[in-house]
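Colleague: Hi! Could you walk me through this one, starting with a term I'll need?

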Amino acid sequence: MELKDFSYARTILEQYPPERRFLLAILQDIQKHYNYIPRPILEMLRDYLDVPLSKLYSVATFYKALSLKPKGRYVIKVCDGTACHLKSSQSIIDEIKKVLKIVPGSTTGDGKFSLETVNCLGSCAVSPVMVINDRFYGRVTPSRVREILEEYGRLENEQTWK
Amino acid sequence: MEIIIDGKKCEAQYGEYLLDIARKNGIHIPTLCHSDALPGQATCRLCIVEVVEGSRRRVVTSCVFPVTREVEVFTNSEKIRRMRKNIIRLLSARAPKNEFIQKLREEYGLLQETRFAVDEKENCILCGLCVRACEEMGIFAISTVNRGIEKKVSTPFDEASDVCIGCGACAFVCPTRAINIMDENGVRHLWNKEFQLVKCQKCGEYFTTREHQEYMKQKFGEDNNYTLCEKCRKKAAGEKMAECYRI
């Protein structure tokens with residue numbers, strides 16, 4: 001992956017007064033911009049808010065919306081809540097695992113896709129449900145998985161895309 | 001005011017915590033996460049008691065329950081024992097081989113939990129007292145990391161912390177001795193970091209780390225006997241006091 005430029009983080013920080021209560025909002029903005037919380041920015045935040053690094057690390061590891069590892073450009077969330085689970089969401093997860101060669105909670109080598117399982121997406125009527133970034137896919141079947149993923153273009157590393 | 005604990009009349013101040021009142025009157029309430037120096041943790045839940053006020057009965061954690069009215073308290077009723085047993089079973093599923101948990105299990109006649117897959121080497125019950133101690137020291141080197149079943153106490157990124165001074169306060173307050181601290185050949189190993197130990201200027205025993213000593217010097221000033229171990233410091237203070245009275 002290319003080396004990211006962290007200078008934009010300064011701009012994000014300065015949108016907020018250096019007060020502790022803005023910690024989570026800042027972290028969310030950073031997550032949105034960089035797709036993860038880079039360590040140098042966490043250290044920058046420590047100096048800006050005057051909050052110990054241990055506290056920041058605690059917060060960053062607590063929330064699922066924040067990630068310390070780079071997330072893919074496309075985050076695939078497969079619902080594994082009760083309704084979706086009964087409609088065999090596991091087979092969808094297995095299919096994605098097979099196609100992208102990643103396990104839930106990890107990212108493809110080229111940084112394009114991340115796979116996550118979530119507990120409910122609130123669309124049980126069209127279960128099983130899958131969301132890629134902000135787009136919903138209902139009544140997903142294992143055979144549709146490949147089709148849907150094709151919409152997002154192939155993996156940059158063709159070999160893993162058999 | 002006066003409250004009744006297990007049938008015994010006890011003198012209490014307004015706002016005083018139930019646990020403290022019970023202890024003062026020789027009534028035993030088991031605790032793990034309670035420390036007199038760092039009160040108010042209330043995470044281990046072992047110190048639950050039943051508070052009766054008229055027709056109202058409720059279960060509270062005695063370590064953080066301030067007395068504001070004249071109530072009656074039961075520390076060992078059938079209900080409390082039953083609930084406490086469950087708490088011990090849960091703790092025991094978390095840290096099955098820990099000696100302190102084992103002792104509690106024996107005290108309450110419980111068997112080792114076999115229902116869950118457990119980590120036999122786990123000793124931490126995640127009470128957070130160590131994190132509190134580190135914060136009170138003003139160091140902030142450790143914190144709770146992750147959540148749910150992956151929650152643990154650690155330094156940022158599980159690396160040697162650049163702020164840790166190796167004072168060992170975390171290990172000292174830990175009720176289950178879950179923190180790995182090892183002093184060996186003048187070196188202290190703690191939180192993936194190594195610290196040079198320093199000797200007491202009087203008795204010549206290793207007593208703390210260089211970083212801790214520097215920190216004390218910075219915080220309390222040069223003339224605070226920071227080069228002496230705890231024992232020698234106490235002795236020095238005693239001698240000083242004796243000197244005062246001799247004249």
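Modeller: A residue is buried if 20 or more other C-beta atoms lie within 10 Å of its own, exposed if 12 or fewer, and partly exposed in between, with C-beta atoms placed from the backbone. This is a predicted model, where local features need pLDDT of at least 70, side-chain atom pairs count only at pLDDT 80 or more, and totals for chains, interfaces and linings use all residues. Residues are numbered from 1 along each chain as its sequence is written, while chains are lettered from A and ligands numbered from 1 in the order in which they are written.

Colleague: Which residues is A:Asn133 in contact with?

Modeller: If you set aside neighbours within four places in sequence, A:Asn133 is in contact with A:Tyr74 and A:Val75. Contact here requires the C-beta atoms of two residues, placed from the backbone, to lie within 7 Å. As for A:Pro70, it is 63 residues from A:Asn133 in sequence, and their C-alpha atoms are 15 Å apart in space.

Colleague: Switching to chain B: how many helices and strands does it have?

Modeller: You'll find seven helices and 11 strands in chain B. Its C-alpha atoms fill a box of roughly 60 × 60 × 25 Å along the principal axes. Of the 247 residues in chain B, 32% are buried.

Colleague: What are the domains of chain B?

Modeller: Chain B splits into domain 1 (2–107) and domain 2 (129–246), with bounds from an automatic or database domain assignment. The centres of these two domains of chain B, taken over C-alpha atoms, are 30 Å apart.

Colleague: How many residues are in contact between domain 1 and domain 2 of chain B?

Modeller: Nine residues of domain 1 of chain B are in contact with seven of domain 2 of chain B.

Colleague: What about the largest nonpolar core?

Modeller: It has 47 residues, and B:Leu18, B:Ile21, B:Cys130, B:Cys134, B:Ile142 and B:Cys170 have the most contacts inside it. A nonpolar core is a set of buried Ala, Val, Leu, Ile, Met, Phe, Trp, Tyr and Cys residues joined through C-beta atoms within 7 Å. Elements of chain B that each supply at least two residues of this core include strand E1 (2–5), helix H1 (18–24) and helix H4 (129–137). H4(B) gives the most, with five residues. Both domain 1 (2–107) and domain 2 (129–246) of chain B give residues to this core, so it lies between them.

Colleague: Which residues does B:Ile142 touch?

Modeller: Not counting residues up to four places away in sequence, B:Ile142 touches A:Ser54 from chain A, and its partners in chain B include B:Cys130, B:Cys134, B:Cys170 and B:Trp191.

Colleague: Last one: which two helices meet through B:Ile88 and B:Ile101?

Modeller: Those are H2(B) and H3(B): B:Ile88, B:Leu91 and B:Ser92 in H2(B) meet B:Ile101, B:Leu104 and B:Arg105 in H3(B).

Definitions and conventions. Helices (H or I, at least four residues) and strands (E, at least two) are DSSP runs, numbered from the N terminus.
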